[in-house]
Amino acid sequence: MAPDTNAGYSRPLPLDGVRVLDFTQVMMGPCCTQMLGDYGADVIKIERAGSGDLSRWSVGEDPDGGNNPVFASLNRNKRSIALNLKTTQDRAAVLRLVETSDVVVNNFRPGVMERMGFGYDDLRRINPRIVYAVGTGFGLDGPYVRKGGQDVLAQAMSGAMHRRSDPSVPLTVYPTALADYSAGMHMVQGILLALMQREKTGEGQRIAVSLFNSMLAMQMQEAAVWMMRGRDLNWAAMPLSGVFETLDGAVVMVGAFKQNPLRDICTALGMNDLSADPRYADLERQKAHRSDLQAIFRDRFATGTTAHWLERLGDVDILCAPVMTLADALDDPQTACNGMIAESRPTPAGPVRLVASPIDMSAAPFAIRRAPPALGEHNDEVLATLGSGEDAA
């Protein structure tokens, strides 16, 4: 597990010396700025005095209150200052911080930062080198520019929610925030690209990402097939793939990347070779009779245990895996081997255990150098530098 320290590590991290002013909240923006903080950036999280980031309270009652697990999962390696941006004094403090910052990130609706005097044009007059990153629901212009953006809405309006393995499967919300995370990672990419370009030009720029665009980009293969050939591409609807319940769980199987995967599947399932049947002789005919094949597979998998079928499928080199719960995955030995669980300093409510960075850099190891901050924990530390003109690190 990664410790709550970087003690003993002397090499500079990739983003050491980069200061980020973080106006973001909930998930899209915070997962972006957390990644920047994980690799050395000084991330100053600017929160609303009295309440802070919405995710501090959006999960309801929690023993840690505003430092609940959802907030903690997105806000390590940051400093928090709580400000009332309706006051002249606190707005002036932000503008002073802009003078010595490299990046400003927000995920408000278009127009909010401008009304506060913190739009891109306002800030680049103060600091022409500023990289100004904006995350929105649907973009900076267009018919949905004023529409509230949220992960589930982006799933629905991008076409992703409509795509299912079978038309008989009810439409549903994907239970993990795909749009938030993908847009947050696209924002990281944009910020790093802008910082690299600034090394060549000496000037910053505005970058923008949206939940909607990120969900479209995630479907790049499917979109290209539709736009260029006018047909659907649905990997989940492939005839020899699927999720099948067993006596004690479920197995996912991917029957692909082989000359005759159906023959090998039948061998594993102890059945006659269905690929010899004219109805299933090639991929197009298998697609036409997908429902029949899937019913045969379901009936067969239901007669054995998960371990039994994984062994049999593995023997013929068919891609397969058990369907695990999140709890199972977190306890899996591969998770521990990959260093994907990190611990921070405990709170009165107990240990703080978080998913670590998925990026493994040999010369820049991940560590929690700063625990997820309490609201306004670093007001004195950060704002004191404004009076002296010094830089806090």
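**Note on the predicted model: strands, pockets and one loop proline**

1. β5 and strand β6 (residues 206-210) pair in parallel through 5 bridges. Gly135 sits opposite Val209 in β6. Strands here are DSSP E runs of at least two residues, helices are H or I runs of at least four, and both are numbered from the N terminus. Two strands count as paired if DSSP finds at least two bridges between them.

2. Basis of the note. This is a predicted model, in which local features need pLDDT of at least 70 and side-chain atom pairs count only at pLDDT 80 or more, while totals for chains, interfaces and linings use all residues. Residues are numbered from 1 along each chain as its sequence is written, and side-chain values use heavy atoms, with hydrogens and water left out.

3. Strand β4 (residues 103-106) is joined to β5 by 4 bridges, and the two run parallel. Val103 stands opposite Val131 in β5.

4. Burial of β5. Strand β5 (residues 131-136) is largely enclosed by the rest of the structure, because 6 of its 6 residues are buried. Buried means under 20% relative accessible area, exposed means over 50%, and partly exposed lies in between (1.4 Å probe, protein chains only). Both faces are covered. Val131, Ala133 and Gly135 are buried on one side. Tyr132, Val134 and Thr136 are buried on the other.

5. Now the antiparallel sheet. It is open, has 3 strands in the order β7-β8-β9, and pairs in the antiparallel sense. Its edge strands are β7 (241-245) and β9 (319-322), each pairing on one side only. Neighbouring strands are turned by 15° against each other on average, direction ignored. Axes are lines fitted to C-alpha atoms, for helices over the stretch in contact, and angles run from 0 to 180 degrees between N-to-C directions.

6. β7 and strand β8 (residues 250-254) are antiparallel, with 5 bridges. Gly242 faces Met253 in β8, and Val243 has Val252 as its bridge partner. A hairpin connects β7 to β8 through 4 residues. β8 and β9 also run antiparallel, joined by 4 bridges. Val251 is opposite Pro322 in β9.

7. Helix α12 (residues 290-301) touches β7 and β8, and its direction makes about 35° with that of β7. Contact means heavy atoms within 4.5 Å.

8. The largest pocket holds about 1,400 Å³ of space. A pocket is an open set of points on a 1 Å grid over the protein atoms alone, where a 1.4 Å probe fits and protein lies on both sides within 12 Å along at least five of seven lines; lining residues have an atom within 4 Å of a point. Grid points are joined across faces, edges and corners, and a volume is the space filled by probe spheres set on the points.

9. What lines the largest pocket? There are 49 lining residues, and Pro69, Ser73, Arg353, Leu354 and Val355 lie nearest its centre. Elements that each supply at least two of the lining residues include α1 (28-38), α2 (69-74), α7 (178-201) and β10 (341-347). β11 gives the largest share, 6 residues. By class, the lining has 31 nonpolar, 9 polar and 9 charged residues. Ala, Val, Leu, Ile, Met, Phe, Trp, Tyr, Cys and Pro count as nonpolar, Asp, Glu, Lys and Arg as charged, and the others, Gly among them, as polar.

10. The second largest pocket has about 630 Å³ of space. It is lined by 21 residues, of which Arg163, Glu222, Asp232, Leu233 and Asn234 are the closest to its centre. Helix α9 (residues 220-229) contributes the largest share of this lining, 3 residues. The classes divide into 7 nonpolar, 6 polar and 8 charged.

11. Is α1 mostly covered or mostly uncovered? Mostly covered: 11 of its 11 residues are buried. Among them are Met28, Cys31, Cys32 and Asp38. α1 is also one of the elements that supply at least two residues to the lining of the largest pocket. Just after α1, Gly40 takes a positive phi of about 110°.

12. Last, a loop residue. Pro365 lies in the loop between β11 and α16 (379-388). Pro365 is partly exposed, at 31% relative accessible area. Its C-alpha atom is 8.3 Å from that of Tyr39, although Pro365 and Tyr39 are 326 residues apart along the chain.
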